[in-house]
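Please keep the structure open while reading.

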Amino acid sequence: MTEATGIVGEFLSLKENTDAELLAMQCGDFYEFFDEDAEIVADELDLKVSKKSSHGSSYPMAGVPVDDLTPYLKALVERGYRVAVADQYETDSGHAREIVRVVTPGTLLETTDADAQYLAAVVDGSRSGAGSSGADADYGLAFADVTTGRFLVAEADDSDDALTELYRFDPVEVLPGPDARTDDDLLNAVRERIGATLTLHETEAFAPKRADHAVREQFGTETVERLSVGEPTVAAAGAILDYVEETGAGVLASMTRIQAHHGDDHVTLDATTQRNLELTETMQGEREGSLFRTIDHTETSAGGRLLKEWLQRPRRSLETLEQRQESVAALSTAALARDELRDELGEAYDLARLASKATHGSADARDLLSVRDTLAVLPTLAEIIQSNPDLAESPLAEIVDRPDREAAADLRETLAEALAEDPPSTVTQGGLLTRGYDPELDEVIERHEEVREWLDTLAEREKRQYNLSHVTVDRNKTDGYYIQVGKSAADGVPDHYEEIKTLKNSKRFTTDELEEKEREILRLEEQRGDLEYELFEELREEVAERAELLQDVGRALATVDALASLATHAAENRWVQPNLHRGDRLAIDQGRHPVVEQTTEFVPNDVEMDEDRGFLVVTGPNMSGKSTYMRQVACIVLLAQIGSFVPAKDAEIGLVDGIFTRVGALDELAQGRSTFMVEMSELSNILHTATEDSLVILDEVGRGTATYDGISIAWAATEYLHNEVQAKTLFATHYHELTGLAEELPRVANVHVAADESDGDVTFLRTVRDGPTDRSYGIHVAGLAGVPDPVVDRSRTVLERLREEKAIEAKGGGSSEPVQTVFDLSSGQFRGSASADGGSPADDSGSEPDAGETVEPEAKDVLEDLESIDVNTTPPIELVSKVQELQERLED
Ligand code: ADP
Ligand code: MG
């Protein structure tokens, strides 16, 4: 291929100097994509590809009108592309083009999505050597939302923690540190689970000195000390600042504050738990049906973002939570005032976003009007709160008083005096500002209006003066202003009319005077446009300088909105204020699942846990409600720790420092990771990180492997959690063997979800009761699912037989009664429920074997043979005959 020259050559050389995947280059009224870029864009956005010939070669070309670029950019960026934008500008020798911005998922300002849009950086200090001082956390993370100016840093001790933070913020774009490898587990998880675009930003931006300098310059010289964060974190923050600057988003000024998100006041909520509890989306990936969607009644997008943030970042500080509770309590009873507040909030726009737009210089006059109107919401909220005694005494009064109300009123005043009531969306053609705002502008406007008035009335005057019919005055691009006279009257026009065009039914004329007025009005229009734009820019600048104030006011409005949302949900769903304390007791009276109760006639259930009863083994038939019960407990604790009321009749909740779950595994299958491997790595994570103040939910752990393996793992994990970790734990299992643990471990108790069985029919009662159950009712479910009757009947028989054999083994004698058998890990054998060391974990078994009986050597052989049978690989029929054979040998 020959070297491209001309416009395509320019395109290709610009492209060479950017690492963006696509380049949009302005060519007059269009932004054009050439070559491969054209093909990609055309494909993604359904554009037509044409050909551009350039010095003998032909190149694909696709373009969008300059004014339409934004939606196309948005669409490309949302598909994960980074798009460079080159603008055209005039020079002495024609024009030139230059890349002014690189738009990426994390720096897209034009978003219309209400969600936060985080750009993240993550630095692995152990790898880069940045954390070499020893005291620093291994991972440093920084998060910035360019659309609102929010900037946070966080630290993590290992890659799991780092992923937890990343999962919480759900960034759209991630900058990995300079030493990251592409096969890194963490980065893979970011790509696959979070779906973020990974961008390799230049190494120097992460350099400790340079990053430190950037952070101090942006947020103040004392920042690093005040936040007490380590080098990796500073590197991450510095890299983000550098990246935002480099991409040309131009919003650094809206990032007025940096916040550290330290672990100690936050409830640990790992990525798996966030997904398992379906906080923001269901396991199927739908937003509808998530806990957030269910409880969200916010009126503003900023309020929605804040509520979501609360849910993803529950707190441990009793003071913070009680403050929120107080507001929610006051709001939940003050129904009228609450409705007034919410109505008023409905008038508010997204101040943080508007502040970012103002600093970026993309806010138009309507945006500034929105700022004006939203600033007016704050004093109204304050009034409503003051006029209700309950609300006035709640923390709400302080919340709306926190921003500088005087400064906010001043800014509102300024905007109100300046802005016209119904401004156009373009900012260069006048009509933005009111009269009386600027004397010079007033003069121009006055003269402009005069001339316009003269032109508007010209037709009338001409008609009367020259006795003409069918006269109109108008303007268009080619003819400028003209007087148009109907054909029949055209002969009677006065001499000074100069004909410029003949149409089918009319003629167009101009006059010296009209031409002069035309020149004047064009000059005035330009003058007015320029002057207004200049003044408007000053005004926008003024707003940009108040970005921090706008963020404060926005924050106050969002807080009231989020609290009112919690109160609304509580009032509408009969939720109650939980009694929070620092002790161990977790008692929920008639609790319900916050999401399931919305769509189901829900059967409420109690939970009772404390120091002496810290571990519940939950058994019950398939589909009886074990998983729902446990999630309900986790959701209630979580809601309590965002300051919300909870779905129960009464609740007492000892604050936890973390919630850990291991529930289901279906979605992991879809990602091609072995279910069991995932299950075990998550279990391992829980065993490592949970503390005695944590809440642990284990649902069918061990299911992913052969029965004996599974039971053994479940057994050992239970012992470890009980003895070492001592976390509050609920463990649902279909291994009834585990119910025997209650005998051995003092803090373990059995509960089961009850079902009624009569005449072979099972009714789920959905009621949780104390004590174990031994039935899995799997055969019943098989019947429900339509497995043919002969098979169902046969499995009943086989089950009976197997139970009998197990009972015989355990008791060393024949009995036809089904017996609760327990797998004893120390001996590796089954033993009867009523063995030497304890009473029965409640069963329908009637007979009791003798304690401490001795086993004869022949019988021992049989036992050994029994042990060697692999239940998982031996077909049931063969099992039966094997057991029969063993039985016969025993009888001998
Ligand atoms: P398990 O884990 O025991 O197999 P699930 O918790 O998955 O059972 O519940 C099975 C079904 O029963 C679900 O559809 C759930 O909505 C419903 N369910 C569970 N608990 C209740 C309850 N307390 N009240 C009403 N429906 C419930
Ligand atoms: Mg379940």
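How many bridges join E19 to E20, and do these strands run parallel or antiparallel? The number of bridges is 4, and E19 and E20 run antiparallel. The model is predicted.

## The four-strand sheet

E19 and E20 belong to an open sheet of 4 strands with the order E18-E22-E19-E20 and mixed pairing. At its edges are E18 and strand E20 (605-609), each of which pairs on one side only. On average, neighbouring strands of this sheet are turned by 15° against each other, direction ignored.

Strand E22 (residues 650-654) pairs with strand E18 (residues 579-581) in the parallel sense over 3 bridges. In that pairing, histidine 581 is bridged to glycine 654 in E22. Strand E19 (residues 586-591) is joined to E22 by 4 bridges, and these two strands run antiparallel. Isoleucine 588 has alanine 651 in E22 opposite. As a general point, strands of a sheet pair through backbone hydrogen bonds, either parallel or antiparallel.

## The six-strand sheet

An open sheet is also formed by 6 strands in the order E3-E4-E2-E1-E5-E6, with mixed pairing. Strand E3 (50-54) and strand E6 (94-103) stand at the edges with a single partner strand each, so one side of each has no neighbour in the sheet. Neighbouring strands here are turned by 35° against each other on average, direction ignored. Strand E1 (residues 22-27) and strand E2 (residues 30-34) pair in the antiparallel sense over 3 bridges, and cysteine 27 has phenylalanine 30 in E2 as its bridge partner.

Which strands does helix H1 touch? Helix H1 (residues 6-16) packs on the sheet and touches E1, E2, E3, strand E4 (57-65), strand E5 (83-91) and E6. The direction of H1 makes about 140° with that of E1. Helix H2 (residues 35-45) also packs on the sheet, where it touches E1, E2 and E4. The direction of H2 makes about 110° with that of E2.

## Helices packed against H24

Helix H24 (residues 547-572) packs with helix H17 (residues 377-386) at an angle of about 40°, the axes being 10 Å apart. That angle makes H17 oblique to H24. H17 passes H24 in a left-handed crossing. From H17, Val377, Leu378 and Leu381 meet Val553, Ala556, Leu557 and Val560 of H24. The residues of this contact divide into 7 nonpolar, no polar and no charged.

Helix H20 (residues 405-418) packs with H24 as well: their axes come within 10 Å and cross at roughly 110°. H20 and H24 are therefore roughly perpendicular to each other. H20 passes H24 in a left-handed crossing. The contact is made by Ala407, Ala408 and Leu411 of H20 with Leu549, Leu550 and Val553 of H24. Its residues divide into 6 nonpolar, no polar and no charged.

## An annotated span

UniProt lists residues 500-534 as "coiled-coil region" in an unreviewed entry. In the predicted model, this span is 66% helix and 23% strand. The end C-alpha atoms of residues 500-534 lie 37 Å apart.

Definitions and conventions: Residues numbered from 1 in each chain as written. Chains lettered and ligands numbered in written order. Predicted model: local features only at pLDDT ≥ 70, side-chain atom pairs only at ≥ 80, totals over all residues. Heavy atoms only, no water. Axes fitted to C-alpha atoms, helices over the stretch in contact; angles between N-to-C directions. Parallel < 35°, antiparallel > 145°, perpendicular 65-115°, else oblique. Left-handed = near helix turned anticlockwise from the far one by under 90°. Contact = heavy atoms within 4.5 Å. Nonpolar A, V, L, I, M, F, W, Y, C, P; charged D, E, K, R; others polar. Pairing = 2+ DSSP bridges. UniProt positions renumbered as here; feature names shortened; annotations may be inferred.
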